[in-house]
Amino acid sequence: MEGIREDCGIVGIKSFKGENVVPRIYWSLLTLNHRGQQSYGITTYEKGRFKSIKELGLIADIDLTRIRKLCGSLKSNLGIGHTRYATSGSIERGKLLEDAQPVSVSYRDRQLCLAYNGNIANVVPLREEIEEYGIEINGTSDSYILAYELLRGFLEEGDLVDGVKELMKRVDGAYSIVGITDKGDMFVIRDPYGIKPLVYGLKECELFEAASESVALTINGINKIDFVQPGELIIIHNKNIEKYKIHHGEEKLCAFEFAYFARPDSKLRNDKYVYEIRRELGRRLAIRYNEIAKRIDVIVPVPQTAEDAAYGFHIETGKPIEPIIVRHRYLRHRAFIMTKRERGLIVSHKYNMLLDRVYDKRIALIDDSIVRGDTLRHIVSILKNAGAREVHVFSTFPKIISPCFYGIDMATFQELIGFNRSEEEIARILGADTVNYQTIKDFCEAVGTKNLCLACVTGKYPTPYAQKIADIGRKRALAGEKVGGRLVEVGG
């Protein structure tokens, strides 16, 4: 996988017995750092005001002295946190800090703060409408658009419940939200299709937590996990937990979560761990492409999210797994501050390969997905040059043919190696003997549901504005036109 990133991990915690929640938010964000590595933030509510800290980089890099200071300065029994990778807005360093979440907005003497995971497809028209109200939008991220839309709807409709109803009518996109009102109520919202994961749990009636993945709860001792439903609003008022089903729709949870984004020890929609699903994806690849699988000598996973799938491939075939490719654990790259040449240098140095173990071998190279193909092409080339007899690429995810407008950093048709190309053409570009994709049917069966957002592999989007942008963008791409930015920000 060539470093595709997602927009964010979120967490919200309320202690009913007055405990300082900042240490728990820190630990939850640490478990979610894989979801966003450009910035992080924590906001707490105490005595009618918000207190915030936002910084660029990894929350894992905070030293112990800094953690202690944050626990004291942000001390509260109510808070939310966020880790971010920019899939909307500017990637200029100053703007990244300005756009770091949680974000706080004010309108008509009211204020709210929120953190969210997702992406707003109709961000351009919504921004224009908000500006017509005379509201000056602080940052470039769509998080500000979402916050103003919610606050405006809240004020115009009279309460938070009706405000969320209006939000769900007006906003096209994916959004899982945790937030706090200026009255000290915590709220949790999941969009009508449940495109982004969102879980919650209660610990001994003393602690409520909601987060992007279950690992953010279990690290705090919350082991009984439930899933926020699509179109659901949860309000935590004092010690009361109120649930409202705002929109009744069919879930379309992002399929990419299961192949790549989520941690293997997370649960996203049922009692099955992500690693179990990935193992089954690998097993099904071996069954589907049995003739090729029988011929290979060794299974080689691309670190790290393909390792569970490689084990499933091994279970089915009995062929050995070899850690031929080893990722440099401490090689961290901040692509948003690198030149193109520097990014290429990182790609060529982030793996070490045990090349004396590949000579004359037929290799099953297992990867979680194929998006742009840059890293995979580099790996195949090195393996072939080291004397590998054959390299057969297996992707646990189906062929990606369309951009994502819901929070994954693949924003145009032209950047996708699978767009308008056959498997044979892709194999030639990668230098592989064959390229073998998971079928959509097998993928859904491994996950256990058809209720997934598979827009990136089908071109069929769950929301109408995203479909409109995709249709326009596809025509432009087939005509050979270049797109100067993300499709959601340039209008297709």
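This briefing walks through the fold, sheets, aromatic contacts and backbone details of the structure above.

The model is predicted, so to speak of local features a pLDDT of at least 70 is needed, side-chain atom pairs count only at pLDDT 80 or more, and totals for chains, interfaces and linings use all residues. Residues are numbered from 1 along each chain as its sequence is written, and side-chain values use heavy atoms, with hydrogens and water left out.

**Overall build**

- The protein holds 18 helices and 21 strands, where helices (H or I, at least four residues) and strands (E, at least two) are DSSP runs numbered from the N terminus.
- Its radius of gyration is 23 Å, close to the 23 Å that the globule rule gives for 492 residues, so the protein is as compact as a globular protein of that length; the radius is taken over C-alpha atoms, and the rule is 2.2 Å times the number of residues to the power 0.38.
- The C-alpha trace spans about 70 × 50 × 40 Å along its principal axes.
- Of the 492 residues, 58% are buried; buried means under 20% relative accessible area, exposed over 50%, and partly exposed in between, with a 1.4 Å probe and protein chains only.
- Among contacts with a separation of 6 or more, 70% come from residues 24 or more positions apart, a contact being heavy atoms within 4.5 Å.

- Strand β1 (residues 9-15) pairs with β4 in the antiparallel sense over 6 bridges; two strands pair if DSSP finds at least two bridges between them.
- Within that pairing, Lys14 has Leu78 of β4 as its bridge partner.
- Strand β2 (residues 39-46) also runs antiparallel to β4, joined to it by 6 bridges.

**The parallel sheet**

- An open sheet is formed by 4 strands in the order β15-β18-β19-β20, with parallel pairing.
- β15 (298-301) and β20 (434-437) stand at the edges with a single partner strand each, so one side of each is left without a neighbour in the sheet.
- Neighbouring strands of this sheet are turned by 25° against each other on average, direction ignored.
- Strand β19 (residues 390-395) pairs with β20 in the parallel sense over 4 bridges, and His392 stands opposite Thr434 in β20.
- Helix α11 (residues 307-317) lies across β15, β18 (362-367) and β19, and runs at about 165° to β15; axes are lines fitted to C-alpha atoms, for helices over the stretch in contact, and angles run from 0 to 180 degrees between N-to-C directions.

**Aromatic rings and charges**

- Rings of Phe, Tyr and Trp (its six-membered ring) pair if their centres lie within 6.5 Å; planes under 30 degrees apart count as stacked, over 60 as edge-to-face and the rest as tilted.
- By this rule there are 14 aromatic pairs.
- One of them is the edge-to-face pair of Phe256 and Phe261, at 5.4 Å centre to centre with 75° between the planes; both residues are buried.
- The ring centres of Phe413 and Phe419 are 5.0 Å apart and the planes stand at 55°, so this pair is tilted; Phe413 and Phe419 are both buried.
- One aromatic cluster brings together Phe256, Tyr260, Phe261, Phe397 and Phe443.
- The charged end of Arg152 sits over the ring of Tyr133, 4.1 Å from its centre; such a charge has NZ of Lys or CZ of Arg within 6 Å of the ring centre and within 35 degrees of the ring normal.
- Lys267 lies over the face of Tyr273, at 4.7 Å from the ring centre.

**Backbone details to look up**

- The peptide bond from Gln101 to Pro102 is cis, with omega near 0°, and Pro102 is found in the loop between α3 (93-99) and β5 (103-107).
- Pro303 and Gln304 are also joined by a cis peptide bond, with omega about 0°; Gln304 has its place in the loop between β15 and α11.
- Cys205, a residue other than glycine, has a positive phi near 55°.
- This cysteine, Cys205, lies in the loop between β9 (199-203) and β10 (207-211), and at 62% relative accessibility Cys205 counts as exposed.
- Asn238 has a positive phi of about 55° although it is not a glycine, and Asn238 is placed in the loop between β12 (232-237) and β13 (240-245).
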